Amino acid sequence: MTAVQAAPAAPVRTSSGQRLTFLRALKGEWIKLATVRSTWWSIAITAVLTIGIAMLIAQAIDVPGFDPINAVVMPIQFTMLLAGILGAISVTGEYSTGMIRSTLTANPVRGSVLAAKATVLATFLFVSSLIIFGAAALAVSLVVSGREQSIDWSDASASLLPILVSSLAMAVFALIGVAFGFILRSGAGAIAATVGLLFVLPIVANFFAFAGETWKWVMDAATYLPVAAAQSAILPDGATLEGPVPYLTLAGWVVAGMLGAWAVLRTRDA
């Protein structure tokens, strides 16, 4: 007697009836960003450093002609690293846990994954930085209220614009971290590259200020580094880069980083 083996039942495919859109990709990236404690710790530390350093500068510098808005935006020289590192670990954290495979399975269009993560990070850093710099401006105003100094809010170019540009610069620094995260896929490597570009290279370039005219090209090239371009955009009076050049420089760094990240993301397996 021959046993008849029943053929396995075909798997039943179910569908939620929902198509993945870019808006849903943005929502997914926001959930991943907002549910990680390191995100809020980074923003909290950024707020404490920005407001605290701004108040210390405003309290310490009591000289005629000092513009209090300078105290508000000067802490970006320190908080830029937090923005860049947050951008880097938001990417490398997925690679270290293997979540990137789930992300790319849910959204196989890799350019969409990159665009969604970059958009969420940049928007989050811009909005949070805007709030933090606004709080720092209020704190500085209270510090200098007893002196004949104040932020001239009637002149947007001397008050609102530096705060807006500083917030934009923080978003740019985060995107640089995102780019290194996708390119290197290593937390340590991406953080090291981000810190190197934002912090170490400007210091190294300053060493060549004493090397004479032969190495002057190094100093000239350093003015196009992200931090130097951001400083020229934030406080344009007496800046090395003038007009739209600092904005174009920052945009160039973002475009180059995103193109490099996209090229790596679409050609390498997760």
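Start by selecting Lys-32, Val-36, Ile-89, Ser-90 and Glu-94: of the 16 residues that line the second largest pocket, these lie nearest its centre. A pocket here is an open set of points on a 1 Å grid over the protein atoms alone, with protein on both sides within 12 Å along at least five of seven lines, and lining residues have an atom within 4 Å of a point. You are looking at a predicted model, in which local features need pLDDT of at least 70 and side-chain atom pairs count only at pLDDT 80 or more, while totals for chains, interfaces and linings use all residues. Residues are numbered from 1 along each chain as its sequence is written, and side-chain values use heavy atoms, leaving out hydrogens and water.

The helices are DSSP runs of H or I, at least four residues long, numbered from the N terminus. The volume of the second largest pocket is about 280 Å³, counted as the space filled by probe spheres set on the points. Its lining has seven nonpolar, five polar and four charged residues.

Next, select residues 187-207, which form helix α8. From first C-alpha to last, α8 reaches 29 Å, close to the 30 Å expected at 1.5 Å a residue. Zoom in on Gly-196, where a kink of about 45 degrees is centred. The buried residues of α8 are Ala-190, Thr-194, Gly-196, Leu-197, Leu-198 and Ala-205, buried meaning under 20% relative accessible area with a 1.4 Å probe, protein chains only. Show α7 (160-184) and α11 (245-267) too, as they are among the elements covering these residues.

Pro-202, Asn-206, Val-227, Ala-228 and Gln-231 lie nearest its centre, among 19 lining residues. The largest share of that lining, six residues, comes from α8. What classes of residue make up the lining of the largest pocket? It has 13 nonpolar, six polar and no charged residues.

A cavity is a set of points where a 1.4 Å probe fits but cannot get out.

Terms used. Helix = DSSP H or I, 4+ residues; strand = E, 2+ residues; numbered from the N terminus. Expected span 1.5 Å × (residues − 1). Bend = angle between axes of the 7 residues up to and from the residue. Buried < 20%, exposed > 50% of the residue type's maximum accessible area, 1.4 Å probe, protein only. Contact = heavy atoms within 4.5 Å. Nonpolar A, V, L, I, M, F, W, Y, C, P; charged D, E, K, R; others polar.
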